[in-house]
Amino acid sequence: MNSNKYQPVIGLEVHVELKTKSKMFCSCKAEYFGQKPNINTCPVCLGLPGALPVPNKKAIEWCIMIGFALNCQVSNFSKFDRKNYFYPDLPKGYQISQYDEPFCINGSIKLSNNKSVGIRRVHMEEDTGKLIHQENSTLIDFNRSGVPLVEIVTEPDFESVEEVVEYLKKLQQIVRYLGVSDADMEKGNMRLEPNISLRENTTNTTNKQILPIYKVEVKNINSFRFVEKAIEYEIKRQSGILNQGKNPIQETRGWDENKQKTVSQRIKEEAQDYRYFPEPDIPPLRFINSQISNLKSQMPELPTDKLIRFQKEYQLSKYDAEILTREKETADYFEESVRIGKLQKVSPKQIANILINKKVDFKNILPAKLIKGIVFSIKIDFVDKSKLRKIIQNVLLKNQKAVNDYKNGKIQAIGFLIGKVKQHFPKGDTNQIKSTLEKHLKT
Amino acid sequence: MNLNQLTIKEAKEGLKNKKFSSVDLTQDCLKRIKEIEPKLNAFVTITEKEALSQAKKADDMIANGDDLPLLGIPISIKDNFCTLGVKTTASSKVLENFIPPYNATVVEKLNNAGAVTLGKTNMDAWAHGSSTETSDFGSTKNPWNLKRLPGGSSGGAAASVSSDEVLAGIGSETAGSIRQPASWCGAVGLKPTYGRVSRYGVIAMASSLDSPGPITKTVEDSALILNVLAGQDDKDATTSPRKTEDHTKDLSKSIKGLRIGISEDYFKGIYREITEDVQNALKVLEKQGAIIKNIKLFDPQYAIAVYTILQRAEVSSNLARYDGIRYGNDRSYFGEEAKRRIMLGTYTLSAGYYDAYYKKAQQVRTLIVKDFNQAFKDVDVVIAPTSPSTALFAGSSEDNPMFGELADVLVEPSSIAGLPGINITCGFSKEDLPIGMQIIGPQLAESLILNVAYKYEQETQFYKQRPKL
């Protein structure tokens, strides 16, 4: 394949499930993972006759905060709409969503190559129930029905898989920083739908503004890896078709992990008409400027700002700052340690080195203890001792041969045991594991 | 006189003075129901056992000196209000086995007010109609003439009240479903402002219009029930946050200087007897000091198109949940009328047609709202006939898909604007059928229209004429 002949044109729709306590339109618990089926339901999320939705204020605020984080304009006026379609997991026969007046529009996010990706809209909707297929029947679990979902739609600005993955990781990091979603892919908190097409590669800039006449949407992907694979597969597939002088058809496809390919689900001619119309059960929402600015003032520091600040304020390299700000928990722990360390003349760099190299157990080693350890050069256990002990006992029990070898003088057998322990405790400090193992082997 | 013939006010008096018990009162109602239901068919479900136990409980409370607004008063509830543990069908076979696991807010409020519920009343299936003939459980008859229709969709509710099966009935109106059957059956029917009474638990017809309200024998009873039903509900986002008030307080206030608007187009093409009776009614009010002013409201026929489009669109979406997966019966159980409405509504919301139909209708709706707002700068209330005709013969609605819209032409504009309106009897035709007029007020002006209706009723007392059934 001539990989330079075509340039990918990719846009993304991402669904992020919010972790509000209650559902989007009723007071049922929004928790559904690992719950007994249909336990968190009521007339509203079951769509029973006569039941009415009442919007969750917190969810709307969080949706707007995501919009702020993506540099969107937040509208003073917004409303909900009904998206009408039939599916057994949709108890009302329509989904409450937003059509032409989403909460947030026209945002952007910057990638590391300095490219700005446009955010078309950020809107609020509700999740559906879940179908559980059995041998000859299908069961419906409505625990997930009505859980708040935020949909984030980009412009078709991505030109490579790498850009897509970077954006997705950034987005995941942002919603986690905001504390509005766990964005756990495996649990389905974050679902990805890329639409992909190809255009002739050219330096002509006007050509760049014209979108291809077709687009292929790949639905509901739940891992970054699969998104990568699906996009790569589509680029190959579509180039093949274009090379034959044909145009790929506009359709919706799905990623089949077993076959390692995308498969057609629905072609354009069968495209749904959702018959959107304003949701009559929920009055339009009007926000006064002070409400919007008040929400804006509640925004926490976002990853990009923190990264820049850490480099400046603590004289850290970009590499160090990047690792420390990857997760908010680490960044907060670092800053707390710096605050305490300052009084004891421990430099931020010293702290950063330990946090980066030792993988400290934040729950058990509080910042004060960490600093104490550094100041008095005490060899502190950075890991949870009791947990390590338990793992070692287990490893020794299951690997009697190596234990006997060691006891019979083959001391290099300890390397094997260290490896086994590390399988269960990858965070562990090798020296610490070794000394603890030795202690155990001697008794 | 049997106890079931009493008004709520009279019954409350009797209960308080221990002249009779709620069980006595309930028994008399049940007796009447057993006697005339075979002819009338006002009920889909009669809850005798539950009613008697509620009555017994009410008697215990009365003995204890407790006082609640409707304590021990037997009423009926339209079958589109969800009632916990009691079958709720909206008169459709699709829901013939549906037993709700929850109470509508209105039902909850009635229970808390001490009301005794005798059963669920018949209606046009899904409230689609103005005749009660589209009910999947047989049509209800008009108590004044069993060959005639009671109107609808709250036909069972209106018939149950005017035939003295109950002291009052709870209905719901989308456009005409309370006022029109009240008019044809000779009862007081109040459609409150949209959002004044919670819709939670009312099987939706057209969500942006549905308004639950009372059908009663007298205006005072109407005010008493509205006091119980009105108010913001945190389960219905469209309810008004406005504080509730005592609607009985201003009933007998003087209407001297009150400006009543009359719009010519509301008298076009209606029975001459109806025009005459409404004009006579205006004279009665004029005598009490009201000022009659001619105003120009939009011709009500414009409302038919707007209403038809908006209502069908919302219906098509609201009925989507009855997809055959739950509730037992699948979509083949929908009647002709529901199917027609689903198809029309689906069509008007479809891509390419939305702007021409739904959007246009919403724009005209805004104009109608503005038209009324303008009118209410010059007048305090508007009076018009409720229906262009008196009760029509059974069978009139058949093969006439627009029957309801034509029967409701005079109530549709105010419904579209979300305004409160009340029907009150203003005479009887030569065929001895009730004639109704409606009093329409600005948003949340329930107390005012009740006041005007009460002053008129006190003077004429048409409510004292009962059907000989």
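## Reading strands, helices and cores

Guide: Start with one pair of residues: the bridge partner of Asn195(A) in strand 12 of chain A is Glu217(A). Helices (H or I, at least four residues) and strands (E, at least two) are DSSP runs, numbered from the N terminus, and two strands pair if DSSP finds at least two bridges between them. Before we go on: this is a predicted model, where local features need pLDDT of at least 70 and side-chain atom pairs count only at pLDDT 80 or more, while totals for chains, interfaces and linings use all residues. Residues are numbered from 1 along each chain as its sequence is written, chains are lettered from A and ligands numbered from 1 in the order in which they are written, and side-chain values use heavy atoms, leaving out hydrogens and water.

Visitor: In which sense do strand 11 and strand 12 of chain A pair?

Guide: Strand 11 (residues 190-200) and strand 12 (residues 216-219) of chain A are antiparallel, with two bridges. Strand 12 of chain A also runs parallel to strand 13 (residues 251-256) of chain A, joined by four bridges. In that pairing, Val218(A) has Arg253(A) of strand 13 as its bridge partner.

Visitor: What is the handedness of the β-α-β unit made by strand 12, helix 4 and strand 13 of chain A?

Guide: First the convention: point the strands away from you, and a crossover is right-handed if the path from the first strand over the helix to the second runs clockwise. Here, strand 12, helix 4 (residues 224-243) and strand 13 of chain A form a left-handed unit. Helix 4 of chain A lies across strands 1, 11, 12, 13 and 14 of chain A, at about 25° to strand 11. For such angles, axes are lines fitted to C-alpha atoms, for helices over the stretch in contact, and the angles run from 0 to 180 degrees between N-to-C directions.

Visitor: What is the strand order of the open sheet of nine strands in chain A?

Guide: The order is 2-6-7-10-1-11-12-13-14, with mixed pairing. Its edge strands, each pairing on one side only, are strand 2 (73-74) and strand 14 (261-267) of chain A. Inside that list, strand 1 (residues 6-17) and strand 10 (residues 148-154) of chain A are antiparallel over five bridges, and Glu17(A) stands opposite Leu149(A) in strand 10.

Visitor: Is Thr105(B) buried or exposed?

Guide: The rule is: buried means under 20% relative accessible area, exposed over 50%, and partly exposed in between (1.4 Å probe, protein chains only). Thr105(B) counts as buried because its relative accessibility is 11%. Thr105(B) lies in helix 4 of chain B, and its side chain makes a polar contact with the side chain of Asp233(B) at 2.6 Å. A polar contact is a pair of N or O atoms within 3.5 Å; within protein, one must be able to donate a hydrogen and the other to accept it, and residues adjacent in sequence count only if both atoms are side-chain atoms.

Visitor: Which residues touch the most other members of the largest nonpolar core?

Guide: A nonpolar core is a set of buried Ala, Val, Leu, Ile, Met, Phe, Trp, Tyr and Cys residues joined through side-chain atoms within 4.5 Å. In the largest one, with 212 residues, the answer is Tyr167(A) and Trp126(B). Contact means heavy atoms within 4.5 Å, and beyond four places in sequence Tyr167(A) has contacts including Leu12(A), Ile109(A) and Phe158(A).

Visitor: Where is Lys345(A)?

Guide: In the loop between helix 8 (328-343) and helix 9 (348-358) of chain A. Most residues other than glycine have a negative phi, and most peptide bonds are trans. Lys345(A) has a positive phi, near 60°, and Lys345(A) is exposed, because its relative accessible area is 77%. For a cis peptide bond, look from Gly152(B) to Ser153(B), where omega is near 10°.
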